Amino acid sequence: MADKLILRLLAGVTTVIYLVYYLWDRKIIADERENLIDLKAADLQQWTSTAGLVLTTAAYLYSPQLDAIYPIMVFALTSAYAHMLGKAYYRRTM
């Protein structure tokens, strides 16, 4: 029961972090560089989400008694944080 509470708190904290990030990110002027950064971050997000989905599916197939919420949360958190961190990384390096 405590692990479900931790997952709910993690989902709530991630939602708040992503909302704050979204509000901050939309203030940045969109030019060609920002569009390229957004595309590169979306590509990174897609690759990491796919890798996370494959790994969690393999873990779920190996251990079917595992609650399905764990792979779902890994997939969702991987997707959200990969996008935010990808944009931050590409803004710094480009």
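User: Leaving aside its neighbours within four places in sequence, which residues is Thr56 in contact with?
Analyst: Let's start with the ground rules: this is a predicted model, where local features need pLDDT of at least 70, side-chain atom pairs count only at pLDDT 80 or more, and totals for chains, interfaces and linings use all residues. Residues are numbered from 1 along each chain as its sequence is written, and side-chain values use heavy atoms, with hydrogens and water left out. Contact here means heavy atoms within 4.5 Å. Skipping the neighbours within four places in sequence, Thr56 touches Pro71 and Val74.

User: Is Thr56 buried or exposed?
Analyst: Thr56 sits in helix H2 (helices are DSSP runs of H or I, at least four residues, and strands are runs of E, at least two, numbered from the N terminus). Buried means under 20% relative accessible area, exposed means over 50%, and partly exposed is in between, using a 1.4 Å probe and protein chains only. Thr56 comes in at 11% relative accessibility, so the residue counts as buried.

User: How far is the backbone oxygen of Gly52 from a polar atom of the side chain of Thr56?
Analyst: The side chain of Thr56 also has a polar atom 3.2 Å from the backbone oxygen of Leu53. For the backbone oxygen of Gly52, the distance to a polar atom of that side chain is 2.8 Å.

User: Which side chain does Asp67 meet in a salt bridge?
Analyst: A salt bridge is a side-chain nitrogen of Lys or Arg within 4 Å of a carboxyl oxygen of Asp or Glu. By this rule there are six salt bridges. Asp67, partly exposed at 34% relative accessibility, has its partner at 2.8 Å, N to O, and that partner is Lys4.

User: Why does the pair of Asp67 and Lys4 tie together parts apart in sequence, and how many residues apart are they?
Analyst: Lys4 is partly exposed, at 28% relative accessibility. Asp67 lies in the loop between helix H2 (32-62) and helix H3 (69-93), while Lys4 is in helix H1 (residues 2-25), so the parts they tie together are apart in sequence by 63 residues.

User: Are Arg91 and Asp25 buried or exposed?
Analyst: Their side chains meet in a salt bridge at 2.3 Å, N to O. Arg91 lies in helix H3 and Asp25 in helix H1, so this pair ties together parts that are 66 residues apart in sequence. As for accessibility, both Arg91 and Asp25 are buried.

User: Which residues do salt bridges that share partners join into one network?
Analyst: Arg33 and Glu34 meet in a salt bridge at 3.6 Å, N to O. Salt bridges with shared partners link one network, made up of Asp25, Arg33, Glu34, Asp38, Lys87 and Arg91.

Conventions
Polar contact = N/O pair within 3.5 Å; in protein donor to acceptor, adjacent residues only side chain to side chain.
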